Structures are given as C-alpha cells and as structure tokens.
Amino acid sequence: MKRPCAAVLAAATAAAGALGSTAWHITSNAAPPTFDDAWYLETSFRLFSALKIGPGAFAQSYLEAFHIKAPLVALVPIPLYALFGTGERVAVWANLPLAALAAWSWSRVASCWWHGHPRGKDVAALAGAMTALLPMAYGLSRFFFVETLLSALLGMWAWRCAAAGPGDRREGVRLGLLLGLGLLTKSTFPLLAAGFAWPARKRLRPHAKTALLIGGVLAATWYAANLPYVMGFAWSAGFGSVARDYAGGGGLAARLGWLESILRNGLSWPLAAAMAAVASAAALARRNADEGTRTALWGLAPLFVYAAGVNREPRLIAPLLPIAALLAARAAASFRSATARAAAAAVLLATGLAVCVDQTFWAGPDRALAFNGAPSADPGWDRGALVDAVASSGGRIAAVALEDSRLNANNLSSLAAARGLDLRFVSLGYAQNSAEAALIRLKDKSCDHLVLVDGVMESELPAFLNRANAGVRTMAMSGRLRTKTAARVALAPGVTAIVLRLIW
C-alpha cells in the first residue's frame with residue numbers, strides 16, 4: 001500500500017488540530033446564546049418535544065418553525081438530544097461532524113477541479129485543511145448558527161457539479177437532494193449554488209428535471225406553508241429595513257468596509273496576507289488560469305449580489321470563503337520547485353494554525369475576530385431564576401422589555417424550551433420605537449406577564465432594539481397598563497428583573 005506523502009499528512013494533521021480545538025472550545029465555553037442562535041436552539045428543542053409527542057405534533061411544529069427562516073438546522077441536533085438530553089451546549093456539538101464534512105467535501109471539490117494536475121492529491125488535502133482553518137468557519141462552528149451546515153451542503157453541491165457526468169442517472173437524485181436540503185437550510189442557497197452550476201451547465205442539463213423535481217418536493221415540505229413569509233424576510237434582510245439596521249452606512253466606503261471586514265474576520269489579516277503572498281508568487285510562475293481556477297472564480301460570483309445589498313453582516317458570505325482556501329491550495333502547488341511548494345504549503349498551514357490557536361485559547365474580547373476568541377467561563381446573567389419565576393407565576397407568554405445579548409426574549413425562550421416548559425418569551429417588537437405599538441403587540445401575542453429590568457445603563461444596550469422600553473415601563477408604573485408584581489429576581493450584581501402579571 002502506498003504511504004501518504006508528507007504534504008497530505010501535514011494537511012490532515014492541521015485539519016485535525018482545527019477540529020480538535022473546536023471540540024475543546026465547545027467543552028470549555030459557558031457563554032449563553034444571544035439572539036439568532038438562541039432562536040435556532042429554542043425551535044430545535046420544541047421540535048424535539050413535539051417529536052416525543054408523536055408524528056402529527058412534530059409535523060405541525062415543523063410547518064410552524066420560524067416562518068421566516070428555513071428550519072433544517074434545528075433538526076440536526078435531535079439525535080444528540082435523544083442520547084444526552086436537551087441542552088444549549090449539547091446542540092452545538094452537532095457542528096463538529098458538519099465542520100469535518102465541510103472540510104472533506106471542499107477537498108473533493110478541489111480534487112475534481114484539478115483532477116488532471118500532477119499534484120492534485122496534494123491540492124485536495126491542502127484545500128481541506130485550509131477550509132478547516134478559516135477563522136470564520138471554525139468560529140461559527142462553535143455556536144449554533146446555520147453556516148456550518150450550509151458550508152457542508154454547498155461543498156457537497158459544488159463537488160457534485162464538478163463531478164457530474166451526463167450518463168449517470170443517479171446524479172439528478174443526488175443534486176435534487178442537495179438542492180432541497182440546501183433550501184431547507186437557507187432560502188438563499190440557490191444564489192450560492194448558481195455559481196457552481198453555471199460552469200457545469202452542459203453536463204448538468206440531463207439531470208436538471210430530476211434535480212428540480214426532487215429538490216422542489218423536498219423543499220415544499222416547509223416552503224409550501226411559509227414561502228410568502230421567508231421571501232419577504234429575505235428581501236428585507238438583504239435590501240430592506242432589517243438590512244439597514246446592520247448596514248453601517250452606504251456607498252463605496254461602506255462596501256470597502258464590508259470587504260475589509262471579510263478579510264479581517266473571515267480570513268484574519270495574517271492568513272489573508274499569507275494567501276495573497278502565495279497567490280502572487282504563483283501568478284508570476286503561472287500566468288494563465290486553468291479551468292479549475294476559472295470555475296472557482298465563478299463560485300465567487302454571488303459576492304457581487306451581496307456587495308450590491310445593504311446588509312454588511314460578514315456571516316452571510318461565510319459559506320463562500322472555502323473557495324479562497326481552495327485557490328490558495330492550488331497556488332501553493334503551482335511552483336516547479338518541490339522546495340518552493342513545501343514552503344508555500346508550510347506558510348499557509350502554519351499561519352492558519354497560529355491564528356486558530358490564538359483565537360481558540362488566548363484572544364480576549366479586544367483581539368477576538370467575529371465569532372471567535374477564547375471561551376468564556378462566565379455563564380452570564382441568571383436566566384434560569386427568571387424563567388423559574390415566570391413559570392411559578394403561571395406564565396405562558398411573557399413579554400421582555402429588554403433586548404441585549406445578555407438577556408432577551410430569544411435566550412429566555414431557549415432555556416425554557418430546553419427545560420421542556422410550555423412557556424415562551426416575546427420581545428416588544430423588532431426595533432420597536434412606539435410604546436403604543438408595543439402595547440398592541442402584548443395583546444396580539446396574548447401576553448400574561450411582562451418583565452422589566454432595572455440596573456442596566458442605556459449606553460450599554462443596542463439603542464435601536466430598546467426604544468420602546470421606557471414607554472412601556474411608564475404605562476406599567478402609571479397604571480395605564482394594569483399589572484401586579486409577581487416576583488423580583490436578581491440577575492447579576494446591581495441588575496434586577498421585575499416580573500409583572502398583566503391584568504387585561
């Protein structure tokens with residue numbers, strides 16, 4: 001049996017190091033979920049609870065999940081709940097095999113794109129390792145977000161687009177399953193997938209009808225009931241009012257800032273510099289881009305759509321970052337000299353590992369990249385005591401007059417769902433600026449309790465999410481909104497929650 005070469009062993013070791021550091025981080029991190037990740041967790045726990053009741057309850061819960069976000073990520077940790085019970089940290093472990101699958105699938109993409117290259121195996125191995133060493137990739141895998149699953153599915157899709165032959169009848173089934181699962185992961189999956197399908201359109205044409213049929217049927221299990229909601233939200237999140245809350249300005253300066261954020265947080269400056277240096281040196285040695293490189297550049301085409309949008313959240317393009325890893329791996333294999341190739345691979349792997357170690361074990365909040373940094377031993381405010389107080393008061397739906405990463409309706413609902421309680425928390429309304437509208441929302445949501453929080457400086461809070469808090473408090477204190485104090489809960493030193501029972 002032929003033994004693997006040193007380059008393949010080095011790449012495999014680096015990838016294992018990245019995955020191992022993620023496992024350690026998940027084990028060590030005590031920080032609570034914040035906003036979107038808490039919503040994904042709550043839905044996941046409620047789907048598991050419904051599944052224990054029966055197929056009918058599960059189907060109903062599945063159809064009602066999110067409405068504006070595709071639900072597949074909430075299903076992924078369910079086998080772990082069956083083994084270990086529901087828990088906010090338990091769910092995150094589902095990302096570890098997904099991160100490994102993403103690295104493997106993108107290595108297969110590289111193998112297909114450069115299948116005729118004399119060092120194609122080295123390129124594939126290095127591509128998989130560099131995918132695992134992308135800071136935003138391993139950073140997001142340590143929290144319960146959708147991007148790790150999306151990156152794995154997109155890598156599988158790109159692989160099948162690159163490998164598909166016109167005569168294999170099973171290819172349409174594979175592509176259809178990936179398309180359906182991708183849509184059930186994120187509504188924008190077709191946008192991300194189009195860049196890989198276009199260069200392979202002639203080979204994919206015989207499979208198109210089968211793929212579209214299977215993908216459409218699979219996606220329709222949820223979209224049939226939720227398409228108007230998700231399409232409206234997708235537009236608002238990309239170009240509308242929701243996007244503007246995360247825009248950070250407009251024009252060329254904002255787009256340059258977005259690009260800078262991608263380089264800084266998605267790759268890190270050291271790794272971006274290493275990739276650029278290797279690519280520049282390779283370009284001098286190889287002036288013409290090969291077919292695989294041209295296909296990779298087509299895969300980056302969706303970036304132009306995101307650049308034209310308003311939302312500047314770098315997390316949205318995280319599934320496309322492995323393309324940079326693949327291009328860097330290809331560049332490292334371009335040199336004629338074996339010494340130069342080894343040096344280029346060593347620079348990429350060593351830089352990636354150094355950043356990974358720093359962002360896993362040492363970097364504090366002042367140096368942490370987005371979704372990165374050393375794990376926190378602080379479990380945050382005492383959400384459990386607040387959930388218990390509302391539940392003991394007979395609460396079923398409680399409104400929370402605070403939206404902060406430390407305490408909000410999402411992470412309170414997540415904890416309540418993990419405990420199996422029939423208790424939900426709602427906000428006063430996304431970016432609500434009217435106390436009157438908040439009062440209407442309390443009635444529309446059939447809220448029976450209201451939670452006020454004392455002791456938090458307004459300057460510490462996201463201003464656009466907390467504009468109605470003071471007005472609702474005034475209504476409750478003046479008697480216009482009839483309430484009765486049910487409990488007072490110490491959340492943190494100097495911070496107290498007041499639980500009010502609403503009297504309609």
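Where is S446 found? S446 lies in the loop between α24 and β3 (449-454), where helices (H or I, at least four residues) and strands (E, at least two) are DSSP runs numbered from the N terminus.

The model is predicted, so to speak of local features requires pLDDT of at least 70 and side-chain atom pairs count only at pLDDT 80 or more, while totals for chains, interfaces and linings use all residues. Residues are numbered from 1 along each chain as its sequence is written, and side-chain values use heavy atoms, with hydrogens and water left out.1. Backbone. S446 has a phi near 55 degrees, a positive value in a residue other than glycine. A431, likewise not a glycine, has a positive phi of about 50 degrees. A431 belongs to the loop between β2 (424-427) and α24 (435-444). With a relative accessible area of 14%, A431 is buried; buried means under 20% relative accessible area, exposed over 50%, and partly exposed in between (1.4 Å probe, protein chains only).

1. Aromatic pairs. Rings of Phe, Tyr and Trp (its six-membered ring) are paired if their centres lie within 6.5 Å; planes under 30 degrees apart are called stacked, over 60 edge-to-face, and the rest tilted. The count by this rule is 15 aromatic pairs. W157 and F189 form an edge-to-face pair, because their ring centres are 6.2 Å apart and their planes stand at 80 degrees. W157 is in helix α10 (residues 147-163) and F189 in helix α12 (residues 189-197), so this pair ties together parts that are 32 residues apart in sequence. Elsewhere, ring pairs join W106, W113, W114 and F196 into a cluster.

2. Charges over rings. A charge sits over a ring if NZ of Lys or CZ of Arg is within 6 Å of the ring centre and within 35 degrees of the ring normal. The charged end of R160 is placed over the ring of W159, 4.7 Å from its centre. For R201, the charged end sits over the ring of W198, 4.0 Å from its centre.

3. Nonpolar cores. A nonpolar core is a set of buried Ala, Val, Leu, Ile, Met, Phe, Trp, Tyr and Cys residues joined through side-chain atoms within 4.5 Å. The largest has 106 residues, and M130, W157, F196 and L348 have the most contacts inside it. Helix α10 provides the largest share of this core, nine residues. Apart from this core lies another, of 25 residues, among them V451, V453, V456 and L461.

4. Surroundings of L348. With contact taken as heavy atoms within 4.5 Å, L348 touches L126, M130, L271, A274, M275, V278, A328 and A332, not counting residues up to four places away in sequence.

5. Cavities. On a 1 Å grid over the protein atoms alone, a cavity is a set of points where a 1.4 Å probe fits but cannot get out, whereas a pocket is an open set with protein on both sides within 12 Å along at least five of seven lines; lining residues have an atom within 4 Å of a point. Grid points are joined across faces, edges and corners, and a volume is the space filled by probe spheres set on the points. There are four cavities of 30 Å³ or more. The largest cavity has a volume of about 220 Å³. Its lining comprises 22 residues, of which A99, A102, T131, A137 and Y138 lie nearest its centre.

6. Second largest pocket. The volume of this pocket is about 660 Å³. It is lined by 28 residues, and L297, L300, L303, A324 and L327 are the closest to its centre. Two or more lining residues come from each of α16 (251-267), α17 (269-285), α18 (291-299), α19 (302-308) and α20 (322-332).
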